[in-house]
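Subject: Structure handover

Hello,

Here is the structure you were expecting, with my notes on it below. Please look through it before reading on.

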Amino acid sequence: MLELHSIAKSYETGDLSQVALDGVSLAFRDSEFVAILGPSGSGKTTLLNIIGGLDHADSGDLLIDGISTKDYRSKDWDTFRNNRVGFIFQSYNLIPHQTVLANVELALTLSGVGREERRQRALEALRKVGLAEHAKKRPNQLSGGQAQRVAIARALVNDPEIVLADEPTGALDSKTSTQIMDLLREIAQDRLVVMVTHNPELAEEYATRIVSLADGRIVSDSRPYDPEAEGRRERRKEIRPARMGFLTALSLSFNNLMTKKGRTIMTAFAGSIGIIGIAAILALANGVNDYIMSVEEDTLSSYPIQITSSSFDMTSMMGISMDLDTEDEPAEAGDLHEVSVIDRMFSSFGNNDLASLKEFLDDDAEEIDRYARSVEYRYNVVPQVYNANTTDGVDKINPDETFSALGIGVGSSQFMAQLMSTDIFSELPENLDLVKEQYDLVSGTWPEEPTDVLMVLGRDGTVSDFELYVLGIRDGDQLDAMVRQLANEETVEVAEDDATYTVEDLMGVEMKLVLAADYYTYDSEHDVWMDKSDDEAYMKGLIAKGEDLHVCGVIQPNEEATSAFLTAGVYYTPELVEHLIAEASESDIVKAQLADPKVDVFNGLTFEEEQEGEGDGAFDPESLFTIDEDAMADAFQFDEAALDIDASALGGVDLSGLDLSGLGGPGQSEMPDMHFTLEDLGIDPSTLVQPMPEETVEQMTQALAGGYAAYLQQWAQEGGQAAGEEPLTFEEWMDTEPAQAIVSQFVGSYTAAVTQQVMAQLTEAMGTYMN
Ligand code: ADP
Ligand code: MG
């Protein structure tokens with residue numbers, strides 16, 4: 001079923017070229033136990049990786065079921081690896097925080113097998129290797145031989161046709177090695193096992209065939225196989241497509257976001273550049289979040305169940321991406337092939353009645369307590385926190401606004417905003433014992449007052465430079481400068497800093513709490529409430545009057561902590577949230593709004609009127625007069641140069657040197673080192689560039705000209721001229737909502753196109769890389 005034809009592979013390091021394989025031709029029987037022997041550096045691992053589709057040859061061909069893999073795309077390789085190959089490594093490669101059972105199940109998760117079946121099959125595989133009773137243990141509670149047997153169970157759980165083992169006994173003593181070899185021999189009864197070893201005795205005793213390598217060439221083969229001579233047998237297995245990754249899902253939701261986006265032209269561009277980089281990181285962070293979740297599972301002994309006010313069915317997203325990926329031919333040539341993305345997208349949103357649920361839980365508390373360790377409520381309340389020191393201006397600490405210059409979080413959907421949050425503040429669990437079990441006080445005390453906050457460090461007492469910036473311990477202006485440079489597509493100059501920081505620095509942070517309701521003052525003349533949060537003098541006064549947030553202590557994961565489930569940052573008490581809710585309900589603006597719920601206190605309009613104003617039918621200028629669009633376009637010199645994106649700047653989606661090894665905060669020491677560059681991903685930065693088509697620029701210019709004409713008409717109709725007022729100039733009008741809507745429409749679809757392209761590339765490359 002597997003044939004290698006003149007496979008060659010060399011590695012370039014610097015200007016040195018190292019030949020790993022030099023014209024290897026080899027065919028395997030459907031079931032046999034092949035040992036690959038050879039000294040270190042002879043190319044054994046490289047050969048195994050190529051057979052398993054983990055690496056690809058420079059030249060030559062690998063035939064699977066008699067079919068060349070030359071045209072295989074990364075998806076085909078994924079399918080091959082996930083469904084037909086099982087890998088066993090010298091170092092076991094088990095995930096330390098997962099149970100033995102979860103480790104074995106993982107292989108099935110990747111190939112899209114349902115939960116119950118997954119469990120059954122994983123247990124069956126563990127039974128085969130004699131470890132069923134160890135299913136609940138963790139890898140570090142096993143001996144080396146047992147750990148390797150778990151790895152074998154993991155390789156077997158998919159019932160692969162091919163099992164590849166790279167020095168599986170390299171780290172084991174001879175007695176344990178014998179057990180493993182017995183197991184492999186049994187496995188090889190009905191499938192192909194290829195094992196790399198440098199132990200000739202083991203190979204002699206167990207393998208049915210020995211292939212020796214030296215310097216990347218085959219020097220002997222004890223039982224060669226010629227499929228042509230023996231009549232090629234073909235065996236096909238039904239192949240399940242590999243499941244779409246979360247990256248694909250992310251890129252989809254992302255595209256949706258991008259079409260809605262767009263404030264000014266430049267921030268839209270800057271945003272797309274920044275967001276792509278950040279989305280790439282987030283895609284990885286998401287993977288890290290999954291890991292943190294599994295750690296939470298360990299800590300809380302069962303999975304925390306979260307019920308949110310509106311829910312979004314991720315699996316339907318997966319479904320969407322599957323559909324987009326179908327390569328079915330349309331019924332007739334020329335027919336379009338419609339995929340109901342929008343339909344399925346919207347039908348997957350749902351709302352939950354949390355008020356009733358809370359009532360139910362509260363009434364029935366005893367019953368629930370038998371099953372849940374802790375029931376906690378989260379409210380959509382974001383404490384507004386400022387640096388107490390306002391001598392250098394107003395410095396908002398929470399929610400974090402560092403990246404707002406990039407357009408992130410502004411106007412994004414709640415889902416995306418959450419994903420992209422850079423806030424360092426979080427709420428402590430109500431049940432503080434959960435925290436005390438895993439964390440030690442480094443300084444100070446546990447919180448006692450509602451306004452006490454805890455600083456949480458990472459393992460080994462780490463704190464991120466970002467947090468230091470946000471808290472004002474490092475100079476926040478430096479960070480702002482870097483973000484501005486990024487937004488302006490300039491080279492970012494990273495601030496140097498040799499200073500060291502201490503726990504006392506954290507204990508000494510002085511913060512003020514401001515009530516969101518206090519941002520607004522009543523304007524009795526117009527009977528509306530005005531937002532004063534941009535008014536520096538007003539804000540300084542507000543901060544001075546604000547309540548103190550008191551840093552009561554600094555904590556850090558303790559020695560025994562198997563997991564640190566709080567990411568590093570600042571934590572406030574649930575009591576603070578209750579306090580804020582109570583204060584808010586006492587505020588005048590909230591009272592005023594509640595007194596007349598139909599009328600928006602900000603503008604005196606009813607909410608219905610507001611909606612109508614936005615609707616399509618509100619005002620249709622075209623029904624009133626016609627516009628000579630060419631003449632308008634000529635009349636208003638639109639600055640096209642501003643739309644000309646510098647290709648090199650877009651190429652500045654430069655992930656080279658991106659080091660993700662520190663990603664995800666505490667508890668990450670077991671994460672593999674994730675350090676890679678665009679080059680590693682095999683992406684040529686210049687392919688990420690796609691200038692805005694001239695045609696689009698033209699259309700946008702005309703649409704803007706039309707929009708301005710409509711504005712002038714409306715202004716005249718409303719009697720602006722009679723009142724002796726001046727209309728807005730074209731430039732001023734460009735800052736208004738309708739103008740921005742036109743811009744977003746064009747820029748949005750362009751950005752979406754570019755983003756889609758870039759994300760598709762990144763998704764594929766990163767998916768392969770992560771695999
Ligand atoms: P073996 O498994 O037999 O010890 P390998 O297949 O690992 O041998 O390596 C074969 C040759 O290729 C060695 O000379 C090794 O240094 C080189 N090589 C393997 N992987 C890489 C790599 N990623 N980069 C550079 N050289 C490599
Ligand atoms: Mg090796």
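A salt bridge here is a side-chain nitrogen of Lys or Arg within 4 Å of a carboxyl oxygen of Asp or Glu. By that rule, the side chains of D182 and R185 meet in a salt bridge, with an N to O distance of 3.3 Å. Please keep in mind that this is a predicted model.

Salt bridges

The whole structure has 22 salt bridges. I describe three of them, starting with the pair just named.

D182 and R185 both belong to helix α6, residues 174-187, and sit three residues apart, which is about one turn of the helix. D182 has a relative accessible area of 35% and is partly exposed. R185 is also given 35% relative accessibility and counts as partly exposed.

A second pair is R127 and E124, whose side chains meet in a salt bridge at 2.9 Å, N to O. Both residues lie in helix α4 (residues 115-128), again three residues apart, about one turn of the helix. R127 counts as partly exposed at 48% relative accessibility, and E124 is partly exposed with a relative accessible area of 40%.

D221, at 22%, counts as partly exposed. Salt bridges with shared partners join R209 and D221 with R29, E32 and R223 into one network.

Ligand 1

Polar contacts to ligand 1 include the following:

- Q18: an N or O atom of the side chain is 3.1 Å from an oxygen atom of ligand 1.
- G43: a polar backbone atom is 3.0 Å from an oxygen atom of ligand 1.
- K44: a backbone N or O atom is 2.9 Å from an oxygen atom of ligand 1.

Ligand 1 exposes 560 Å² when taken alone, and the protein buries 65% of that.

The four-stranded sheet

One open sheet has four strands in the order β2-β1-β4-β5, and the pairing is antiparallel. The edge strands are β2 (16-28) and β5 (67-68); each has a single partner strand, so one side of each is left without a neighbour in the sheet. Strands of a sheet pair through backbone hydrogen bonds, either parallel or antiparallel. Strand β4 (residues 59-64) runs antiparallel to β5, and two bridges join them. I64 has I67, in β5, as its bridge partner.

Regards

Methods: Residues are numbered from 1 along each chain as its sequence is written. Chains are lettered from A and ligands numbered from 1 in the order in which they are written. This is a predicted model: local features need pLDDT of at least 70, side-chain atom pairs count only at pLDDT 80 or more; totals for chains, interfaces and linings use all residues. Side-chain values use heavy atoms; hydrogens and water are left out. Two strands pair if DSSP finds at least two bridges between them. A polar contact is a pair of N or O atoms within 3.5 Å; within protein, one must be able to donate a hydrogen and the other to accept it, and residues adjacent in sequence count only if both atoms are side-chain atoms. Accessible areas come from the Shrake-Rupley method with a 1.4 Å probe; for residues, only the protein chains shown count as cover. Buried means under 20% relative accessible area, exposed over 50%, partly exposed in between (1.4 Å probe, protein chains only).
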